[in-house]
Amino acid sequence: MDSQMVFKRYEMKYLLTRKQKEAVLEAMKPYMEADAYGRSTIRNIYYDTDNYRLVRKSLEKPVYKEKLRVRSYAAVGPEDKVFVELKKKYDGVVYKRRIHIPERAAVDYLAGKAAAPEKSQITDEIDYFLRFYGNLAPKVFLSYEREAFYTKEPGEFRVTFDENILWRETDLSLEKGVYGAPILQPGQTLMEIKTPGNIPLWMVRVLSEEKIRKTTFSKYGNAYTEIYHREKGESIYA
């Protein structure tokens with residue numbers, strides 16, 4: 001796997017019921033297949049400032065926003081490779097840069113204890129990000145079970161289904177186990193469509209038939225909202 005990767009695409013999110021998910025999966029069968037990761041439990045550590053500047057700005061729905069996280073697709077040890085990802089969104093288009101380095105090296109790099117193992121345009125961007133915001137630290141561990149599918153036709157069209165989305169503020173390490181507070185309601189699935197261009201007509205058709213509407217949904221944003229209300233002594237369920 002390449003140690004440096006760049007993505008540019010549109011990402012659209014939809015909250016599905018079990019019935020809607022089954023309908024989409026059925027419609028996908030002739031056109032999609034499981035991608036390289038297939039079914040996996042994704043683990044993320046989101047970095048932010050002491051006052052959560054990055055996520056607060058994101059929740060204001062600006063034209064431009066950005067985030068920094070470390071991600072793995074399986075349980076890892078200090079020498080197992082993880083992804084350090086710088087994700088930016090401008091005017092609806094997502095730009096993602098990521099490097100693939102050992103977990104311990106990633107932790108030390110983002111803590112300012114060591115330089116990136118490999119210098120590149122991507123690490124230059126991450127370095128600038130770290131300098132600009134200053135004092136970034138792990139804030140939230142966020143995991144979910146993902147089913148990922150890739151188009152059988154030439155192209156970059158992808159569909160993912162995320163369930164059992166959990167978050168926590170303690171044990172902020174990818175070496176720790178998967179546990180935390182749930183974000184989704186029972187029976188809900190978060191579907192994401194990732195495409196460099198148009199959505200295929202067969203997908204447009206099933207979205208219309210099942211009355212599936214695009215939504216705004218941020219996993220980290222939802223976790224922060226719960227943190228904010230808790231610190232204010234409020235209940236988001238009141």
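Analyst: A polar contact is a pair of N or O atoms within 3.5 Å; within protein, one of them must be able to donate a hydrogen and the other to accept it. The model is predicted.

Glu147 belongs to strand S6, which runs over residues 137-151. Its relative accessibility is 12%, so Glu147 counts as buried. The side chain of Glu147 has a polar contact of 2.7 Å with the side chain of Lys21, and another of 3.2 Å with the side chain of Arg39. With residues up to four places away in sequence set aside, Glu147 touches Lys21, Gly38, Arg39, Val159, Thr160 and Phe161.

Glu11 sits in strand S1, and a relative accessibility of 10% is why Glu11 counts as buried. Its side chain makes a polar contact of 2.9 Å with the side chain of Arg9 and one of 3.1 Å with the side chain of Lys87. Neighbours within four places in sequence aside, the residues in contact with Glu11 are Lys87, Val94, Glu192, Ile193 and Lys194.

Next come the nonpolar side chains. In soluble globular proteins, such side chains tend to be buried together. Here the largest nonpolar core has 23 residues, and those with the most contacts inside this core are Leu68, Val70, Val84, Tyr109, Leu110 and Ile126. Two or more residues each are given to this core by strand S2, strand S3 (64-72), strand S4 (81-90), strand S5 (93-102), helix H3 (103-110) and helix H4 (121-133). Helix H4 gives five residues, the largest share. For Tyr109, leaving aside neighbours within four places in sequence, the contacts are with Ile99, Ile101, Ala114, Ala115, Ala116, Thr123, Ile126, Asp127 and Leu130. There is also a second, separate core of 20 residues, which includes Tyr46, Val140, Trp167 and Ile227.

Just after H5, Lys211 has a positive phi of about 55°.

The aromatic rings are the next topic. A pair of aromatic rings is described by the distance of the centres and the angle of the planes. The whole structure holds 10 aromatic pairs. One of them is the edge-to-face pair of Tyr73 and Phe83, with 5.8 Å from centre to centre and 90° between the planes. This pair links distant parts of the chain, as Tyr73 is in the loop between S3 and S4 while Phe83 is in strand S4, 10 residues apart. Tyr73 has a relative accessible area of 17%, so Tyr73 is buried; Phe83, at 2%, is buried as well.

Another pair, Tyr128 and Phe132, is stacked, with 6.0 Å between the centres and 25° between the planes. Both residues lie in helix H4, four residues apart, or about one turn of the helix. Phe132 has a relative accessible area of 44%, so Phe132 is partly exposed. Ring pairs join Tyr128, Phe129, Phe132 and Tyr133 into a cluster.

Charged side chains meet rings too. Lys139 lies over the face of Tyr52, 5.3 Å from the ring centre, and Arg168 lies over the face of Tyr179, 4.1 Å from the ring centre.

Last, a loop residue. Gln185 is in the loop between strand S8 (181-182) and strand S9 (189-195). Its relative accessible area is 48%, so Gln185 is partly exposed. Between Gln185 and Glu210 there are 25 residues of separation in sequence, and 19 Å in space from C-alpha to C-alpha.

Methods: Residues are numbered from 1 along each chain as its sequence is written. This is a predicted model: local features need pLDDT of at least 70, side-chain atom pairs count only at pLDDT 80 or more; totals for chains, interfaces and linings use all residues. Side-chain values use heavy atoms; hydrogens and water are left out. Buried means under 20% relative accessible area, exposed over 50%, partly exposed in between (1.4 Å probe, protein chains only). Contact means heavy atoms within 4.5 Å. A nonpolar core is a set of buried Ala, Val, Leu, Ile, Met, Phe, Trp, Tyr and Cys residues joined through side-chain atoms within 4.5 Å. Rings of Phe, Tyr and Trp (its six-membered ring) pair if their centres lie within 6.5 Å; planes under 30 degrees apart count as stacked, over 60 as edge-to-face and the rest as tilted. A charge sits over a ring if NZ of Lys or CZ of Arg is within 6 Å of the ring centre and within 35 degrees of the ring normal.
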